[in-house]
Amino acid sequence: MNAETPDRARHAHHATPGAEHGERVGVYVCHCGHNIANTVAVEEVAEWAGQQPNVIVARDYKFMCSSLGQELIEQDIQQLGLNRVVVAACSPHMHEKTFRTACQRAGLNPYLFEMANIREMGSWATDDREAATQKAKAQVKGAVDRAVRQQPLEPLYVDINPNTLVVGGGIAGLTAALELANAGYHVYLVERDSSIGGHMAKLDKTFPTLDCAACILTPKMVDVANHPNITLLTWSEVLSVHGYVGNFTVRVRKKARFINEELCTGCGTCVEKCPVRIIDQNFEVGLGYRKAVYRNFPQAVPKYPVIDTEHCTFFQRGKCRACEIVCPTDAIDFNQKDTFVDLEVGNIILATGYEQFDARRVSQYGYGRLANVFTSMEFERMVNAAGPTAGRVVLRDGVTVPRRVGIIHCVGSRDKNHHEYCSRACCMAALKFAHLVHERVPEAEVFNFYIDIRASGKHYEEFYHRVLAEGTHFIRGRVAEVTDAARGPGEEGQLIIQVEDTLIGKQRRIPVDMVILMAGMESRKDARQVAALFGLGCDYDGWFTERHAKLDPVVTMTEGILVAGACQGPKAIPESVAQGSAAAARVAGMIGQRVMKMEPVRASIDASSCSGCRICNNLCPYHAITFHEDRKVSEVITALCQGCGACVAACPSAAISGAHFTRDQVLAQIEGILWDARQPEVLWLEPQ
Amino acid sequence: MENEFQPIIVGFLCNWCSYRAADLAGTARVHYAPTMRPIRVMCTARVEPEFVLKALREGADGVLIAGCHPGECHYVEGNIKALRRFTLLKAMLRQFGVEEERVQLVWAAASEGKQLAEAVDRMTEQLRALGPLRWRQRVLGEQPVARHALEVEVGG
C-alpha cells in the first residue's frame, strides 16, 4: 500500500527554540484517516501550532498511532532533542498509553507526553469545520502550555504481602478462600455469624439440578475449617483497615463466644440442657426455635456454640449456669472478653453477600398480617429436611397441609416503589418451590404469578418446562393484593390473590391456602459503612461498585480490594462461585507478581508550607493522609493515595501538590485553551 | 447564524465518568455545540474554585464541571466534595454579579454521552441569551479603555 511515509508528512518549524521555558515541544496532529481531517483543518492546526512558543516542530500525519506515526515521534525526540510531546488525535483513553510507550522507547519520560482530544471531543461532535478547527487549536495550545510544565515521573512499586483476607463466609467467600489456600497462599476468613455457610446453608434444594444444598456446601465448609492455609475467624468483624494494596493492616474483633474453643469438643450437651428457648430470627427466619447457647445448625462450622447474652439467664439474672454444669470439658467461660486480632494482608476480597427484602414493605401482600403468607426463605426452611417442620409443607398452624399454593414473583424487585432491578435468582427459586410442593404434596395445586420468567442459565429453561409439565399454573400479571376478605362462595377462610391475568386480559381472584412471596435481594443494611471502611464505592442500591461491569467485575476502584458474590449485585450460587474463583485468581496473579507497579499520579505535601490545619486529613477517602503530632504537619502515604486531588484543591496553604495535575499545569492549560478568548488588556482610570 | 454569539465554555471533566461520557458522545456521533473546551481532571474534587475563576478571568463565558453521579464516584465521594465547594463558589459568584448559569455542575455517567452533550447545548443557549461575560468590566469594574489609548493621552 502506498501509505504516506514520515518524510512526506508536512511540517513547519518554529524559529525561536524553547523561548519561554526552555522546553522543546513536538506537536503531532493526526488525520485519523478522514475521521479528524474531514472536520478539522489539520494542516492549518499543525502549521499554526508550529508558530507557538516552545514548539520546535509540528507535523500532521494520516495515522499517528500507526507504527510509522510512532516512529516519527521517536525520530524527532532523538534528532531534534524534543523533551515534550503533544499528540492531537483521539481520546487519551484510546491511545495515551501507545504514545507514552513510544516516548519511552525514544528515551523520553512518558509523563512528558500530553494528548489533545480533537476526535471524540472535536471532529466527531460537530459538522462545523471552522469551529472545530478553532477548538482544536485551543486544545493543542492548552496541551502545549500544560506539557511544558509537566514533570518526569517514575512509577511506584510496592511489595505484595502474599496473605489474603476474605470477608464473608458464604459460598462466594468460601470458594475464594479455598482457591487461594489450594494455590498455597494463606487466607484469613472473617465471618460475622457464628458459623460459615451463609444463605446457602439455609437452603434445601438448589435449582436446576435439585441437589441438596447441604450435600454440596458442608464438605466445602469442612475443607475450609481443616485447611492448613486458612485461618478461620467466625463470630468476628473487621473493625478497621489501614494501608494500601500489598500492605493492609486489618484489625478484627473476635466477639466473645463464652466458650473456650480449646476445650470445647462440640458435643452439644450445653445446647441440649439450656432451659431457654427463643424464636430463631436469624437462621430459621422466625419459623423455629433455638436455645440461648446455640449453633445455627448441627453441621455448623466451627462446631463451637455461642452464648446469646441477651437471652441467657445467667447473663440476665446471674443464675442458671446449667451449661457450665453439664459441660464435660469445662469449656464454658462466662468471663470471656472480646479479643482483637491484627492481620497483615496484601489483598482483601469482600464477599459480604445480601439481605432478603423485607416483604412487610409490600403491605398489600399481607406478610406479617395474614398468617399463611410466607416469605421465600421461610418456605426454604420449611421444605428443608433439617428445618423446623422437618421438611413437611404445612400452614402456620404447623398441622394443616395446603391444597392450593400461590407463589408471587418479584416481591420488592422489578418494582419502582422498591427496587427497580431484577433479583435474578427468585424466578428459578419459585420454579423450584413449585416442584417441591408437587413433590411433597402431590395433590396440591400450585399457581405462579409472574411478570416474566427469567430462566437464563444452563439447564434453567429446561427446568421451567419440567415444572410446566408437572402441572403448575402460570398466571402472567403483577399481583394487586392478597386478602382474606371473602367476596363470594368458595373464598371463605381462604387467602384470595387478586391479579390481572394479562394473557387473557381479565381480573382474576384466585383463592389459595398458602402464599409464598419471592422476596428479592437487597444490599446489606450496613453496606455503605462497610464500603467506607474498605474505601470502595456503592451504587444507588448499595451494591459494591466494580471497576468495570463487564470486563473487570471482581476488582474495585481501590487497588487490592476485590468483591465476589451478591455484595456486588444479585446473584445465584453459580455466579457467586464463579466470582469467588475469579477474585481468587486475580489475587493469586497479584501475589505472583510480588511487586506491583502503580501510576505515579499521587499527592504530596510540602512540609515546610503545611500549616497543620488538618483540613485534608478527613477529606481523603483512603485515609492516606497522616498527621505528625510532633511536627504538626500532615503527610501523604504515597502508596495509599489514589490521586483524586481532593486534598490538593482543598489545601488553604497550597502545600499539597498533585503529581501530573499540579496547579501550575492546570492553570497553564486553562490559559492555553483560552488563548483566543482573552479580553484586550484595559486599565482602570482613576476618576478625575 | 453568522453573527450569533459563540460563547466559550471551559469544561472540567472527571477522568472516569464525564470525560468518558464526552468520548462516548463523540463515538456515537452525537453532535453538540462546539463551545466546550475540555480539561481532564482525575476527579471533580480536584477542581479548585481558583480554576473556575481563572477560566472566567481568562475570557471563558462559562464553566462546566462534570462528574460522576453521586454514589458512583471513582473516589467514593469526590463529587460530593465538589458539590459542596461549588455551592460556596456559586454564592461568591453571585456577589460578583456573575449569573448563575455561567458556572454549572452536572453529573454524567460514562454511559451518558447524550446527556452530557445536551448539557453543553443547554448551557450554550443560556450563555447566548446572557451574552459575553466580560469579566474585567463586570467584576473588576474596569472601564473599556485600552492601554494604547491611555498611552496616547499621556504621551500627548
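User: What is the mean pLDDT of chain A?
Analyst: This is a predicted model, in which local features need pLDDT of at least 70 and side-chain atom pairs count only at pLDDT 80 or more, while totals for chains, interfaces and linings use all residues. Residues are numbered from 1 along each chain as its sequence is written, and chains are lettered from A and ligands numbered from 1 in the order in which they are written. The pLDDT, the predictor's confidence in each residue from 0 to 100, is 70 or more for 96% of the residues of chain A, and the mean for this chain is 93.

User: Over which residues of chain A is the pLDDT below 50?
Analyst: The stretch in question has 34 contacts in the model beyond near neighbours in sequence, where a contact requires C-beta atoms, placed from the backbone, to lie within 7 Å. The pLDDT is below 50 over residues 1-19 of chain A.

User: How many residues of chain B are in contact with chain A?
Analyst: On the side of chain A, 52 residues take part, and helices H4 (129-147), H16 (646-650) and H17 (663-673) of chain A each supply at least two of the residues that touch chain B; helices (H or I, at least four residues) and strands (E, at least two) are DSSP runs, numbered from the N terminus.

User: Which strands of chain B are the edge strands of the open sheet?
Analyst: The sheet has four strands in the order S2-S1-S3-S4 (chain B), with parallel pairing, and two strands pair if DSSP finds at least two bridges between them. Strand S1 (residues 9-14) of chain B, for instance, pairs with S2(B) over six bridges, and B:Leu13 has B:Arg40 in S2(B) as its bridge partner. The strands that pair on one side only are S2 (36-41) and S4 (103-107) of chain B.

User: At what angle do helix H5 and helix H14 of chain A pack?
Analyst: Axes are lines fitted to C-alpha atoms, for helices over the stretch in contact, and angles run from 0 to 180 degrees between N-to-C directions. H5 (residues 171-182) and H14 (residues 573-593) of chain A have their axes 8 Å apart, and among the residues that meet are A:Ala176 in H5(A) and A:Ala584 in H14(A). The angle between H5(A) and H14(A) is about 35°.

Terms used: Two residues are in contact if their C-beta atoms, placed from the backbone, lie within 7 Å.
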